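Please open the model in a viewer and keep the selection tool at hand.

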Amino acid sequence: MTPAMTHSTSDPAVLAAEIVTPESEPPASMLPLYLATLLLGLGLWWLASARSANALVPSPLQVAVAGWELVRDGTLLANATASLGRVMAGFVLGVALAIPAGFLMGWYRLARGLVEPWVQFMRTVPPLALIPLVIVILGIGEDAKVFVIFLASFLACVLATYQGVRNVDSTLVNAARVLGAGDFTIFRRVVVPASTPFIFVGMRVALGSAWATLVASELIAAPTGLGRMMQVATQFLQTDRIVVGIIMIGLLGFLMDRLLLWAERRLTAWQEVRA
Amino acid sequence: MNTPPVNEAAISIRNASKVYSSARGRTVSLDRVSLDIARGEFITLVGPSGCGKSTLLNLIGGLLMPSSGEVLVDGRAVTGPGPDRGVIFQQYALFPWLSARQNVEFGLRIQGLGAAERAERAQHYLRLVGLQDFGDALPKELSGGMKQRCAIARAYAVNPSLLLMDEPFGALDALTRVQMQDDLLATWQQERKTVVFITHDVDEAVYLASRVVVMSPRPGRISEIIDVPLPYPRDDELRLSPAFAEIRARVWRGVHHKEGAAHATTVPSPAIDSPTTSSQGDN
């Protein structure tokens, strides 16, 4: 049953038997299934476009050709870069401010009382609802878009960080206190690492929110960007180009999310159960 | 006249009470408890849930402050937690993002020790609890017993003068628990620290202690203090001896039959092992 039946506890073999080995068997690869469902989706799409009486429903081939043209003349890269730059600027600013703000809210009653009502209220306002006001005040340039994306990212991430700090196991805080840790040490060595998984969840939500806000703001008014590209294509009924834009937005968002997930796995591998 | 206990006792609890006020009224968790614990003693606290034994431990540890009365450690009033009093929690409370070694080094880092000395002390205490080959393992890779060994090494590493243990073996299976008890006693005999140890298990209370403090609930009070005049080192032989059985029976009666009829209907105490089941666990 348990190896502790023997009485020589310093025997490494006995203790080795006690160790819990996680993930003893690698799960079967999902890749074939993923490929199969991709092909199935493309097939259904092709079938739908071929059988549709509406000539404006683009086939996969039309979209691929349109995509290639947009790559060749540099339009896609220029617009994707513009969009990505805005998302990164707004997202990085938002998260960079949200993490300290969330820590302050979780740690100090004063900060919680002063900040939380605003955060809770603004959370119920979709960032898109601010776009008209922001455009009037800041114009249609970069500032307006970065600001709206910043706000969307900030709101998503600040609450997750705050929750993370509030959820730190009080036993761990006590364990640090009885080892002689002061407030600052507890904050740096217990609260920060313990809330890291929550912060990552917040960052991933923030990223999704940032993309949604970006595209909406570019659709309304922008000189460049994937949203702008789709807006122009709409005027010429170039549905194939619109689909290229949709796929591009999805791909970029997906890749950034995977990047965050990868970072999270590396930084919070210590978790017993993944958040 | 007796010698003044202030100079003698490692821990001196005088008329300590702890009262919690909530919307539903006042709860007296601890009611005017007095207890002197001598240096190097091994005290176990037993009693049903709600008897205030954890409260008492937290008062000594400085994680709680008494509502009235005072708690002195080495003659000085406790004003907060400190590295002179090591605490072992039932839930292990290892920092899950740190390796076993880094956990043991946590308190040493706070004391400002250099990397080389930290590593040396950590290795010494990991060896003491038999984890010398698992320094780099994360807590999630350790079994329950190993986690608690690591927590014990972490508490020992900062060299506290007393150890406060809150049902440290409560989450372990019966066999691992017996092993941990023997290891704890072996370590205690080497280091001779004062130990205050909470348990639900009457067998465990008698096996470890030089004195068993029996507590009763509502309000939390000390109902009886039972000496255990059995020599250390203790072993299985002693566990099965008539002398042991006799003391166990006394503690058993102290825990179960004090005001038993009054609260047995409202608070069943399933956590307390019956004598028959505990003695089966010995073999």
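Begin with chain B as a whole: among its contacts between residues at least 6 apart in sequence, 71% join residues at least 24 apart, a contact being two residues whose C-beta atoms, placed from the backbone, lie within 7 Å. This is a predicted model, in which local features need pLDDT of at least 70 and side-chain atom pairs count only at pLDDT 80 or more, while totals for chains, interfaces and linings use all residues. Residues are numbered from 1 along each chain as its sequence is written, and chains are lettered from A and ligands numbered from 1 in the order in which they are written.

Colour chain B by secondary structure to display eleven helices and ten strands; these are DSSP runs numbered from the N terminus, with at least four residues (H or I) for a helix and at least two (E) for a strand.

Most residues other than glycine have a negative phi, and most peptide bonds are trans. The next selections depart from this.

- Select B:Tyr92, in the loop between strand E6 (85-88) and helix H3 (100-110). Its phi is positive, near 70 degrees, and the residue is buried because 23 other C-beta atoms lie within 10 Å.
- Move to B:Asn159, between helix H5 (144-157) and strand E7 (162-166). Phi is about 55 degrees; B:Asn159 is partly exposed, with 16 other C-beta atoms within 10 Å.
- Select B:Arg218 and B:Pro219, joined by a cis peptide bond with omega about -10 degrees. B:Pro219 is in the loop between strands E9 (211-216) and E10 (221-227).
- Finish at B:Tyr232 and B:Pro233, also joined by a cis peptide bond, with omega about -5 degrees. B:Pro233 lies between E10 and helix H8 (236-239).

Definitions and conventions. A residue is buried if 20 or more other C-beta atoms lie within 10 Å of its own, exposed if 12 or fewer, and partly exposed in between; C-beta atoms are placed from the backbone.
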